Amino acid sequence: MSETDAADGPPPFEDAFASDDVEQRIYGTILQTREPTTASSIADSADCDPKTARKYLGWFDDLGIVTRHDGHPATYERNDAYFEWRRINQLAADHSVEDLQDRVRELTTRITEYEATYDAASPAAVDAVDAAEASDERTIDDVYSDLGDWATAREERDRYERARQQRTGGEREQASG
């Protein structure tokens with residue numbers, strides 16, 4: 001492999017953030033963190049000084065990217081609500097109201113089909129084993145795949161609907177203001 005091939009490829013997994021600055025390494029570590037974690041542990045993962053990690057974590061806390069839990073020592077965790085808010089804002093910025101409405105309709109149709117197929121109001125109401133055993137066409141893997149897709153469609157519809165409401169609210173404010 002030539003030097004240019006190595007430079008263009010992804011970094012080795014064990015050193016995924018090595019080429020990023022310390023802020024990006026801390027941010028990347030937070031994105032991968034699933035439970036409250038100390039600044040020292042985050043600093044170890046981000047390969048930086050704990051004092052530097054605390055500085056950036058304080059800034060990320062102010063921005064709402066992380067949630068700080070007081071204690072001895074304090075811990076930090078990713079604020080999933082912030083990332084959800086960001087995703088909805090991005091959808092609203094990237095799509096017209098009509099595009100958002102079309103996507104809500106498509107997802108609603110897909111959800112309605114799953115509700116009819118499984119005679120249930122939500123994927124959580126379906127016993128996958130019973131559904132697979134009662135069907136000549138669907139295996140247990142098919143049912144689990146459907147249930148996952150159904151749950152994803154419901155979450156995605158909610159995001160698109162919230163983005164649509166954000167766009168229509170913003171357009172009403174502009175028209176009246």
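Author: Let us begin with one serine. In this predicted model, Ser122 touches Trp150 and Arg154, leaving aside residues up to four places away in sequence. Ser122 belongs to the loop between α6 (97-118) and α7 (128-133).

Reader: Is Ser122 buried or exposed?

Author: The relative accessible area decides the matter, and buried means under 20%. Ser122 has a relative accessible area of 17%, so it counts as buried.

Reader: Trp150 is one of the contacts of Ser122. Which residues touch the most other members of the largest nonpolar core?

Author: That core has 20 residues, and those touching the most other members are Tyr118, Val126, Val143, Leu147, Trp150, Tyr160 and Ala163. At least two residues of this core come from each of α5, α6, α7 and α8 (140-176). Tyr118 illustrates the packing: beyond its neighbours within four places in sequence, it is in contact with Val126, Ala131, Arg138, Asp142, Val143, Asp146 and Trp150.

Reader: Tyr160 is a member of the largest core. What sits over the ring of Tyr160?

Author: The charged end of Arg103 does, 5.9 Å from the centre of the ring.

Reader: How should I read a pair of aromatic rings?

Author: Such a pair is described by the distance of the centres and the angle of the planes. The count here is 8 aromatic pairs. One of them joins Tyr27 and Phe83; this pair is tilted, with 6.4 Å from centre to centre and 55 degrees between the planes. Tyr27 lies in helix α2 (residues 22-32) and Phe83 in helix α5 (residues 80-94), so the pair ties together parts that are 56 residues apart in sequence.

Reader: Which other ring pairs with Phe83 in an edge-to-face manner?

Author: Tyr82 does, at 5.0 Å centre to centre and 85 degrees between the planes. Both Tyr82 and Phe83 are buried. Tyr27 has 17% relative accessibility and therefore also counts as buried. One aromatic cluster takes in Tyr27, Tyr56, Trp59, Phe60, Tyr82, Phe83 and Trp85.

Reader: How may a helix be read when some of its residues are buried?

Author: An α-helix has 3.6 residues a turn, so residues three or four places apart point the same way. In α2, the buried residues are Arg25, Ile26, Tyr27, Gly28, Thr29 and Ile30. These buried residues pack against α3 (39-46), α4, β2, β3 and α5.

Reader: In what order do the strands form the sheet?

Author: As a general idea, the side chains of a regular strand alternate between the two faces of the sheet. Here 3 strands form an open sheet in the order β1-β3-β2, with antiparallel pairing. The edge strands, β1 (37-38) and β2 (66-69), each pair on one side only. Strand β3 (residues 75-78) runs antiparallel to β2 and is joined to it by 4 bridges; Thr67 stands opposite Glu77 in β3. These two strands, β2 and β3, form a hairpin with 5 residues between them. The antiparallel pairing of β1 and β3 extends over 2 bridges, and Thr38 stands opposite Thr75 in β3.

Reader: Which helix packs on the sheet?

Author: Helix α4 (residues 50-63) does, touching β2 and β3. The direction of α4 makes about 110 degrees with that of β2.

How values were computed:
Residues are numbered from 1 along each chain as its sequence is written. This is a predicted model: local features need pLDDT of at least 70, side-chain atom pairs count only at pLDDT 80 or more; totals for chains, interfaces and linings use all residues. Side-chain values use heavy atoms; hydrogens and water are left out. Rings of Phe, Tyr and Trp (its six-membered ring) pair if their centres lie within 6.5 Å; planes under 30 degrees apart count as stacked, over 60 as edge-to-face and the rest as tilted. Buried means under 20% relative accessible area, exposed over 50%, partly exposed in between (1.4 Å probe, protein chains only). A charge sits over a ring if NZ of Lys or CZ of Arg is within 6 Å of the ring centre and within 35 degrees of the ring normal. Contact means heavy atoms within 4.5 Å. Two strands pair if DSSP finds at least two bridges between them. Axes are lines fitted to C-alpha atoms, for helices over the stretch in contact, and angles run from 0 to 180 degrees between N-to-C directions. A nonpolar core is a set of buried Ala, Val, Leu, Ile, Met, Phe, Trp, Tyr and Cys residues joined through side-chain atoms within 4.5 Å.
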